There are 2 protein chains.
Amino acid sequence: MKNEVSNGSSIPVNYEDRAAIEAFLAKNSGQPVVAVQGLGFVGAVMALVCANAIGNKYAVLGVDLLRPATYSRVKLLNEGTFPLVADDPLIDIYYQNALRQGNLHATCDPVAYQYANVVVVDINLDVNKQSDGKSELSGFDVDLTPFKAAMKTLGENCREDVLILVETTVPPGTCQKVVKPILDEEFKKRGLNPGKYKLGHSYERVMPGPQYIHSIQSYPRVYSGIDERSADAVESFLKTIIDTSQCELTRLGSTNATEMAKVLENSYRAMNISFVIEWTQFAEEAGVNLYEIVKAIRVRNTHANLMLPGIGVGGYCLTKDPLLASWSRTTMFNGAGMLDMSVKAVTQNDKMPVYAFRRLKFLVDGLSGKRVAILGVSYRGDVGDTRFSPVEPFVKQLESDGAATICHDPYVDEWPELNRTVQQDLAEVLSASPDMLVICAGHKLYSMDSTIDQINAVPQRLFIFDTIGLLSQQHVNKLATRHQVKVLGRGDI
Amino acid sequence: MKNEVSNGSSIPVNYEDRAAIEAFLAKNSGQPVVAVQGLGFVGAVMALVCANAIGNKYAVLGVDLLRPATYSRVKLLNEGTFPLVADDPLIDIYYQNALRQGNLHATCDPVAYQYANVVVVDINLDVNKQSDGKSELSGFDVDLTPFKAAMKTLGENCREDVLILVETTVPPGTCQKVVKPILDEEFKKRGLNPGKYKLGHSYERVMPGPQYIHSIQSYPRVYSGIDERSADAVESFLKTIIDTSQCELTRLGSTNATEMAKVLENSYRAMNISFVIEWTQFAEEAGVNLYEIVKAIRVRNTHANLMLPGIGVGGYCLTKDPLLASWSRTTMFNGAGMLDMSVKAVTQNDKMPVYAFRRLKFLVDGLSGKRVAILGVSYRGDVGDTRFSPVEPFVKQLESDGAATICHDPYVDEWPELNRTVQQDLAEVLSASPDMLVICAGHKLYSMDSTIDQINAVPQRLFIFDTIGLLSQQHVNKLATRHQVKVLGRGDI
């Protein structure tokens, strides 16, 4: 977990937390118990939202695995430090409130599930992408083993009448064809009635950033259950969590349907991004400004989702969900083929950082020995999230071409994927005598007048490359009085 | 031209119209002259809009080629019959007004261009698609010969200070790399100054149907010129034609940019349609209702352009514009490659009728000897436009599989592409003892309660296949009491 507060804990040898859990539940006696499985980018915040539920008071158990990184989160959570740095001030308000109320306890002991009326599943389900190292996708695979193990743990421990709500983005078919058989099997072993548990699916649309809490609590949701009874239970639970005065809850016909909705939703977005990639190249070839074209077209409601050019797609979802979907189609449903367009979208998106690199190389006539300042390493503006950031392959390409990079990001001090420190002081970066600045993330800082002045005060003539069209025409003009400025997708300058 | 009023004229041997043109202009003396080149689906209506211009009074010359079909249009226009049947009542109002004012004259004599202050180019520019006969695209080519000939005619005849406004959807680069050199060459031959003409590009967003006039007159536009002077002239002209109180005019940096905007716009739409095709198949395989999924996702503004399943894409634009764009990239700009995603979108879309056919065949277990009533042959709801309708390959497939078809469409009586009569009376179609009804176009008629009752009154049990999700769940339920109902993209029924 990036942006994680680390306390360097190692795992205790004989971890056992039943006593602490029981003491916690005794203090919160009479309150229904919600266990959140997985305390990552979704689960940690979902636990806060449950501990601050609108429609009920819950005793919330955050549960994660007994491994160094996850144990560290659990420990921090219990010791008064939220393990995630985020821009949303509500995060701290909700966390402090939970501490005050004493209704949030984190643990690595799966015994926690024995007490839970509701288990919310927020664990990862990853796609293994095979690439050529330059982010060209050559194949991919989905390994359900860790997910299945997590479901087995639930089946071994959960209450007979539990509601299990899967929020993880899963290949369509997973609740019916994977989760249910595992639970049924474990219930049989335990002599419990598999007709008693309730199983549903409802995906979050979490957006790390300043609206983090809001993106869970006040955002429309679809939900479903493996049967009517389960769907009713999911609905009742979500109504206590989600602010339905702000947003709609929509029941779909089956867990297959909601699972498909999530991956379709993200595939659509990945597709829209991939679409504009080849037009970016065309615009450069034809000497036109693609940004003004896209802006002019977007006035039509039917074309409002048209995307702008950029360095590529990052984050945990868009880079893999179309693959999850395609994998499900061929593997779980014996489908007639892959989801070609959706898979191709990922392939195209993965190529974009390489293209941005090539474009830069073409424009500057060689990169060897050049000092390149990278402005922004996160995959999203004003968010410190480097997971699958397109800036990563871009920087790797620069370096393998002999350039020296110095990275800046106001929201990131450590870049875990590249295991390096990121500068947070722009003045320091500018004083390190770079030859080039490459704007890679849409942080507000880089489009402020004061920043433009700061860049214009650099004594040497810089080559400035804006890979995301962040600079206004006015800023381009101002910078161009002192430096050379190029923008990805603008063949006109 | 479909939906054309035909008067069976043959071409006169020695056609010469100068005298009539001069008499017409004498009657409209003092008025600036606008010539519209091409009187097809766009040009005929553009001529009406110019004759009813908001900001000026123009003498309008509609010009088309001396060929049977186009001469017929010219003759009808002059004899008091608008050559196009359309749903928009404004068409007749504008036409009658032009007749009353006497400021619209149609001609096949290119001499007309000698009098025009403004020439609006509304001719076709077609893509030659090679397919396997089952609408699988195997290749394509663009032949600019007819377009170039039309530009040569303008260059040979136009005034030295003419404004030529190209509205045709052209491969990006056409104004600069094709039109301008031709005009320059002809001006040189004529001893005129090529620096005097003005050349611009502004694409229409015409939508045949009830908003036909509105889609020209009150819809936002981008425009450009090959130089500042030309762009200014285009702007001045458009301001007299377009209702800028209702919609914006946006100047882009070059004719390359506006030309690209048009094909990008249509490629985006083609792409969005193609995206949902593979999900349609997946939804059927997974037993879910794709319509409810799309509806649930569309609540997000970022996903509002997500399309619904359907039988495929038709019409003159979306079926070819991505190919025009890709052709331009490789041919006109020496681009690094094709526009792969955009070309693939067309390929996918072209396969959709085949898929709908296969799905039907799978559902009914063979089609040989079956009597299939096709409800709707147009490519769009409530419009009688069969150009490149996806229903065409669908019907051909049915027939090559041994089914007998009877076609119904309230807006089409003749289907020119298949050279056959289309029924306009649904009762007659239902009384012809069909085995199946296939809904292929979104005409309101097919979703009216009375139509559902009419279908339920048929004595035999029908197989009803809705290829576009037109039927409401209520109508599906009602029909299912008497018939078997299936919907494309709904694996749940």
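Biologist: By what turn can chain A be laid on chain B?

Modeller: Keep in mind that this is a predicted model. Superposing the two chains leaves an RMSD of 0.0 Å, with a shift of 0.0 Å along the axis. The turn that does it is 180°.

Biologist: And what relation is that?

Modeller: Chain A goes onto chain B by a turn of 180° with a shift of 0.0 Å along the axis. That makes the relation a two-fold axis.

Biologist: Which residue of chain A has the C-alpha nearest the axis?

Modeller: Its C-alpha sits 3.1 Å from the axis. As for the contact residues of chain A, 100% of them recur in chain B, so both copies use the same surface.

Biologist: Now the helices: is α9(A) parallel or oblique to α12(A)?

Modeller: α9 covers residues 255–286 of chain A and α12 covers residues 340–364. Their axes come within 8 Å and cross at roughly 40°. Angles under 35 degrees would count as roughly parallel, so α9(A) is to α12(A) oblique.

Biologist: What's the handedness of that crossing, left or right?

Modeller: The two axes cross at roughly 40°. As α9(A) passes α12(A), the crossing is left-handed.

Biologist: How many nonpolar residues does the contact of α9(A) with α12(A) have?

Modeller: From α9(A) come residues including A270(A), M271(A) and I277(A), while α12(A) brings, among others, V346(A), M352(A) and Y355(A). The contact also has six polar and two charged residues. The nonpolar count is nine.

Biologist: What ipTM does the predictor give the complex?

Modeller: Chain A averages a pLDDT of 94, and 97% of the residues score at least 70. For the complex, the pTM is 0.93 and the ipTM is 0.93.

Methods:
Residues are numbered from 1 along each chain as its sequence is written. Chains are lettered from A and ligands numbered from 1 in the order in which they are written. This is a predicted model: local features need pLDDT of at least 70, side-chain atom pairs count only at pLDDT 80 or more; totals for chains, interfaces and linings use all residues. pLDDT is the predictor's confidence in each residue, from 0 to 100. Axes are lines fitted to C-alpha atoms, for helices over the stretch in contact, and angles run from 0 to 180 degrees between N-to-C directions. Helices (H or I, at least four residues) and strands (E, at least two) are DSSP runs, numbered from the N terminus. Angles under 35 degrees count as roughly parallel, over 145 as roughly antiparallel, 65 to 115 as roughly perpendicular and the rest as oblique. A crossing is left-handed if the near helix is turned anticlockwise from the far one by less than a right angle, and right-handed if clockwise. Two residues are in contact if their C-beta atoms, placed from the backbone, lie within 7 Å. Ala, Val, Leu, Ile, Met, Phe, Trp, Tyr, Cys and Pro count as nonpolar, Asp, Glu, Lys and Arg as charged, and the others, Gly among them, as polar. Copies are superposed by least squares on the C-alpha atoms of residues with pLDDT of at least 70 in both.
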